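Work through each task before reading its solution.

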Amino acid sequence: MIGDVRRLNAVVLASAALLLGCSSSPGAGASGGTGGATGSPDAIVGAFVVELKAGFSAVSGSVSNGPRPEAVILKVVDEVGGCRLRTPRVPFCNIPCGGDAVCADDDKCLPSPKSQDLGLVRVKGLGAAEFSMDPVKGMYSPSADVMLPSPPCPEGAPIEIQTGGGAYRPFVLRAKGISPLTVAGADPIPLTDAEPLQLRWTPPGDASVSRIAVRLDLSHHGGKKGQIDCDVPDNGSFDIPAALVGKLIALGTAGFPTAYVTRVSTGEALIEPGRVTLEVSSSIDRPLQVPGVVSCMDTSECPPGKTCQVDRTCK
């Protein structure tokens with residue numbers, strides 16, 4: 001589930017959701033009603049995201065009339081203890097896709113999905129008062145006069161997003177508020193192929209509200225060669241197995257290797273074209289220290305005799 005949501009970050013898309021008030025509500029992963037929708041739960045067609053940032057929160061969302069094809073398809077090649085090692089493949093269409101079509105897989109063109117008008121969207125649980133959002137070119141976000149604190153509501157408080165109609169019948173997304181994430185330990189975090197990667201963070205008051213998503217990317221600036229994704233309980237600690245870490249390092253590294261750690265509470269609803277997610281998240285990016293990798297933005301940051309390469313490493 002979290003892996004799906006992060007694609008909107010990449011997912012995304014991606015990528016996170018909303019918050020408000022205090023009444024009983026389903027917990028993390030709970031779904032809102034859809035009024036008899038028949039879409040496929042495997043087809044993610046949109047997301048609303050609430051991101052807790054330093055001093056404020058940001059809210060946005062959009063829904064399309066179909067799933068958005070990935071520019072890079074990630075294939076699971078190994079899986080251990082809640083973590084998956086994935087390697088990339090770029091779809092190639094021998095005959096270029098014309099018009100609004102996109103290459104969704106090898107020699108497979110699909111129509112590019114279009115953002116849809118969902119009518120007026122009402123948000124409960126973010127900040128002191130309910131507010132609404134109108135679409136701008138298919139994207140929903142608050143007006144400039146809506147200022148949201150961080151966190152926008154207490155941990156466990158209910159969040160609700162209600163659409164007004166538009167292209168699809170009205171639906172509701174529900175999730176719960178989370179506490180801001182803090183990650184402990186060395187900065188940068190040491191990473192070797194002989195030891196598990198130890199991650200430590202301040203646990204929440206209620207571990208049932210949220211989960212932790214982790215992504216390790218060691219080669220972003222050199223052309224993605226692989227990544228590790230983990231979906232684990234929010235209990236304050238987790239060790240990424242050394243076996244997976246070693247395999248990721250062996251795939252290749254580039255400058256500025258990074259661990260992305262996210263606390264997330266989720267909800268979803270099923271509508272006519274597929275699944276829409278709601279994600280409330282707090283993220284921290286931590287640099288990783290990989291033996292032999294010296295990161296740089298330009299040659300002035302490199303040791304004498306070394307130059308900064310296009311993959312952001314000193315060689």
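A residue is called buried when its relative accessible area is under 20%, exposed when that area is over 50%, and partly exposed in between. The model used here is a predicted one.

**Exercise 1.** Determine how many disulfides the whole structure holds and how the bonded cysteines pair in sequence order.

Solution. A search of the whole structure finds five disulfides. Once the bonded cysteines are numbered along the protein chain, the pairing reads 1-6, 2-4, 3-5, 7-9, 8-10.

**Exercise 2.** Characterise the disulfide between Cys 97 and Cys 109 by its handedness and by the accessibility of Cys 97.

Solution. The torsion about their S-S bond is about -85°, so the disulfide is left-handed. The pair links distant parts of the chain, with Cys 97 in the loop between β5 and β6 and Cys 109 in strand β7, twelve residues apart. Cys 97 has a relative accessible area of 22% and is therefore partly exposed, and Cys 109, at 37%, is partly exposed as well.

**Exercise 3.** Which handedness does the disulfide of Cys 93 and Cys 103 have, and is Cys 93 buried or exposed?

Solution. The S to S distance between Cys 93 and Cys 103 is 2.2 Å. Their S-S torsion is about 95°, so this disulfide is right-handed. Cys 93, with a relative accessible area of 10%, is buried, whereas Cys 103, at 24%, counts as partly exposed.

Conventions
Residues numbered from 1 in each chain as written. Predicted model: local features only at pLDDT ≥ 70, side-chain atom pairs only at ≥ 80, totals over all residues. Heavy atoms only, no water. Disulfide = S-S within 2.5 Å. Buried < 20%, exposed > 50% of the residue type's maximum accessible area, 1.4 Å probe, protein only. Helix = DSSP H or I, 4+ residues; strand = E, 2+ residues; numbered from the N terminus.
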